[in-house]
Every structure is written in structure tokens, then in C-alpha cells.
Amino acid sequence: NVTGDNYDWTRDDAGTPSGNTGPATGANGSTWYMYMECSDGSGAYIAGDTVILEGPDLDASTYDLDLSFYYHMYGADMGTLNVDVYNGSSWDLGVWSLSGQQHTSDTDPYTQANVDLSSYSGTIRVRFRGVAAGGYMGDMAIDDIEITGDTTAPDTTPPSPDPMTWASVPVATGSSTITMTATTATDISGV
């Protein structure tokens, strides 16, 4: 459990306990998913109640990171799903955010979301923060969370063999002398 929430995300596999809210299954044919329970007495029932699922430290200095996940937001009392990013000193709240009912039944397919994290550097963390709107029909779910990264390290390896571009055509100026002017070329990354 992390600080800053008063309930936890719940792992589930067969539809949430309340009717007319939540998904029937996981995303893309999967069984399991995480959801925010909103029943009175056992979940985030009161407006402002919060659940947080926080991931591990990620290296955003070496990689341009991208977050992909699927969400399901069915229910008349649907709150807000937020993606927050810890930038090394504080949380950037609502880097991605969506409020209200987005699906019309528990069997609607999940919707994919993508969040570009390439503007971050250093060690970061990502968290999902669900905030209740109030009422029991606010069971939001998330599934298939994936963070991928492309290397951002510059190519510092010189081309091999070292290519040369000729500034002028070599010219023979005598029986044993050739004059030529060359400049060193660079590869695509400027090395």
C-alpha cells in the first residue's frame, strides 16, 4: 500500500460485485484485471476517495519511455482515472486523465491509452490514481499495462572504416606527387 490513498486497487477476474458498473472480464480476452471497488463500506464510495497503484523506478535517462494500458470505465457514478509521474522530486499529477462513464456496458471492449513519457529524464515512477465521484457505480478497471523504451543514448562510435569525402579530385602534380584535399565524413548521428 502507498501513502496518499484510502483504498487499494483490487485484482479481479469475473466482473465486479456490483451491477451496472465495472468490466465483465480483462482486456483483450484476458481473465484478470485491476479495478477500483466503489461499494459503500468496502470501497471508494465517497466522492474524493482515492486508490493508487504505483510502479517501480524507471530509467528515463537512457530510454524514451512510453506507457500503454487499457481502461474500462462503465458506471453512472464513474470518477476520474489519472496517470501521475514522479519526476525525481515531486508528482506531476494528471499527465493523462479521463473522467466520467466511457463505456456503455460491462461487456464493452476496453479502450487503449498511450502516454508519451519521453519528456522525462532521470529516475521516474508512474502511478495510476483513481478518484471516486461518489456512489457505488464507479468501478473503473485497468489492464495490460506496458512501459516500453527506445534508447536515447547518442551513437558515439565512429564509422568503420573511416569514410572520407573528397573536396576536390586528386591531381598528379609531378612524377611522385599527388595533391588531394579531403574532409572527414560523419555518420547519421554526427559522429
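Q: What makes the meeting of the Arg125 and Asp57 side chains a salt bridge?
A: N and O lie 3.0 Å apart. The term requires a side-chain nitrogen of Lys or Arg within 4 Å of a carboxyl oxygen of Asp or Glu. Arg125 and Asp57 therefore qualify. Arg125 sits in strand E9 and Asp57 in the loop between E3 and strand E4 (58–59), so the bridge ties together parts 68 residues apart in sequence. Strands (E, at least two residues) and helices (H or I, at least four) are DSSP runs, numbered from the N terminus. This is a predicted model: local features need pLDDT of at least 70, side-chain atom pairs count only at pLDDT 80 or more, and totals for chains, interfaces and linings use all residues. Residues are numbered from 1 along each chain as its sequence is written, and side-chain values use heavy atoms, with hydrogens and water left out.

Q: Why is Asp57 called exposed?
A: Its relative accessible area is 53%. Exposed means over 50%, buried under 20%, and partly exposed in between (1.4 Å probe, protein chains only). Asp57 is therefore exposed. Arg125, at 22%, is partly exposed. So is Glu54, at 27%.

Q: How do you know that Arg125 also forms a salt bridge with Glu54?
A: Their closest N and O atoms are 2.7 Å apart. That is within the cut-off. The pair links strand E9 with strand E3 (residues 50–54), 71 residues apart. Glu54, Asp57 and Arg125 are linked in a network of salt bridges.

Q: Why is Asp84 called buried?
A: Its relative accessible area is 0%. Arg127, at 9%, is buried too. The two side chains meet in a salt bridge (2.9 Å, N to O). Asp84 lies in strand E6 and Arg127 in strand E9, so parts 43 residues apart in sequence are tied together.

Q: How many aromatic pairs does the structure hold?
A: Six. In one of them, the ring centres of Phe69 and Trp96 are 5.1 Å apart and the planes stand at 90°, so the pair is edge-to-face. Phe69 is in strand E5 and Trp96 in strand E7, 27 residues apart. Rings of Phe, Tyr and Trp (its six-membered ring) pair if their centres lie within 6.5 Å; planes under 30 degrees apart are stacked, over 60 edge-to-face, the rest tilted.

Q: Why does Trp96 count as buried?
A: Its relative accessibility is 17%, so Trp96 counts as buried. Phe69 is buried at 0%. Phe69 also pairs edge-to-face with Phe128: 4.9 Å centre to centre, 80° between the planes. Phe69, Tyr71, Trp96 and Phe128 form one aromatic cluster.

Q: Which residues of the largest nonpolar core touch the most other members?
A: Of its 28 residues, Phe69, Tyr71, Leu81, Trp96 and Leu117 do. E5 gives the most to this core, with five residues. A core joins buried Ala, Val, Leu, Ile, Met, Phe, Trp, Tyr and Cys residues through side-chain atoms within 4.5 Å.

Q: Why is Asp144 called partly exposed?
A: Its relative accessible area is 33%. That falls between the buried and exposed limits. Asp144 lies in strand E10. Its phi is near 50°, a positive value in a residue other than glycine. Most residues other than glycine have a negative phi. Asn20, not a glycine, also has a positive phi, of about 60°. Asn20 lies in the loop between strand E1 (10–12) and strand E2 (33–35).
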